[in-house]
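Please keep the sequence and the structure in view while reading.

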Amino acid sequence: MRTQTALTALSGGPDLSRSTGPVPRDLASGGWKEYGTCRQTDAELWFAETSRRVHARAASICDDCPVRRPCLAWALVFDEPFGTWGGFGAPERRPLRKRLARGVPLAVVVDDALSRPSGLGSAAGGEIA
C-alpha cells in the first residue's frame with residue numbers, strides 16, 4: 001500500500017515545525033489543520049484548478065502559514081490528488097512524490113521543496129533532483 005511506504009519515510013518528534021518532519025500520528029490526527037492560515041479564506045481558493053493566478057494567490061497565502069510543513073507532508077503522504085497544499089498544487093507535487101518513491105526521506109523532500117522560492121513548481125521549470 002502506497003501510504004504505508006510513504007509513512008515509513010516520516011521521522012521526527014511531535015513538534016510539527018521541526019525540520020526533521022512530522023510524525024505519522026500527528027499528520028493522521030489532522031489537528032495541525034486547525035492552525036492553517038487557509039481556514040480564514042474561502043475554500044474555493046484552495047481547490048481552483050482552472051487559473052494559475054488563483055493558484056498563485058493560494059500559494060502566496062501558504063508562504064507564512066505556521067503549518068505549511070505538515071500540510072505539504074500530508075498531501076505527499078496521503079497522495080492528495082487535488083488542491084493547493086503547503087503552497088503546492090497537484091502538478092507541483094508530482095515530482096516530490098517521485099522523490100519519495102525513489103526512497104528520499106519525506107523530511108528531506110519537504111525541506112527541499114520549502115527552501116526554494118514559491119511558484120517554482122513544475123509549471124516554472126521542473127523537478128528537484
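Asp79 has a relative accessible area of 29% and is therefore partly exposed; under the definition used here, buried means under 20% relative accessible area, exposed means over 50%, and partly exposed lies in between (1.4 Å probe, protein chains only). Asp79 belongs to the loop between H4 and H5. Its phi is positive, at about 50°, although Asp79 is not a glycine. Most residues other than glycine have a negative phi.

**Basis of the model**

The model is predicted: local features need pLDDT of at least 70, side-chain atom pairs count only at pLDDT 80 or more, and totals for chains, interfaces and linings use all residues. Residues are numbered from 1 along each chain as its sequence is written, and side-chain values use heavy atoms, with hydrogens and water left out. The pLDDT is the predictor's confidence in each residue, from 0 to 100. For this protein the average pLDDT is 73, and 65% of the residues score at least 70. In residues 1-20 the pLDDT is below 50, and this stretch has 42 contacts in the model beyond near neighbours in sequence. Residues 119-129 also have a pLDDT below 50, with 20 contacts beyond near neighbours in sequence. A contact means heavy atoms within 4.5 Å. Where pLDDT is low, the predicted coordinates should not be read in detail.

**Overall fold**

The protein contains six helices and zero strands, in the order α-α-α-α-α-α along the sequence. Helices (H or I, at least four residues) and strands (E, at least two) are DSSP runs, numbered from the N terminus. Of the 129 residues, 43% are buried. Among contacts between residues at least 6 apart in sequence, 56% join residues at least 24 apart.

H4 is largely enclosed by the rest of the structure, because 10 of its 10 residues are buried. Among them are Arg68, Cys71, Trp74 and Val77. Arg97, in helix H5 (residues 90-101), has a side chain that reaches the backbone oxygen of Leu76 at 2.2 Å. This is a polar contact, meaning a pair of N or O atoms within 3.5 Å; within protein, one must be able to donate a hydrogen and the other to accept it, and residues adjacent in sequence count only if both atoms are side-chain atoms.

Thr37 lies in the loop between helix H2 (24-29) and H3. Leaving aside neighbours within four places in sequence, Thr37 is in contact with Ile61, Cys65 and Pro66. The C-alpha atoms of Thr37 and Cys62 are 7.1 Å apart, although 25 residues separate them along the chain.

The relative accessibilities of two residues are set out below.

| Residue | Relative accessibility | Class |
|---|---|---|
| Thr37 | 22% | partly exposed |
| Arg97 | 14% | buried |

**The second largest pocket**

The second largest pocket has a volume of about 300 Å³. On a 1 Å grid over the protein atoms alone, a pocket is an open set of points where a 1.4 Å probe fits, with protein on both sides within 12 Å along at least five of seven lines; lining residues have an atom within 4 Å of a point. A volume is the space filled by probe spheres set on the points. Which residues lie closest to the centre of this pocket? Of the 18 lining residues, they are Cys38, Trp46, Cys71, Thr84 and Trp85. Helix H3 (52-62) and helix H4 (68-77) each supply at least two residues of the lining.
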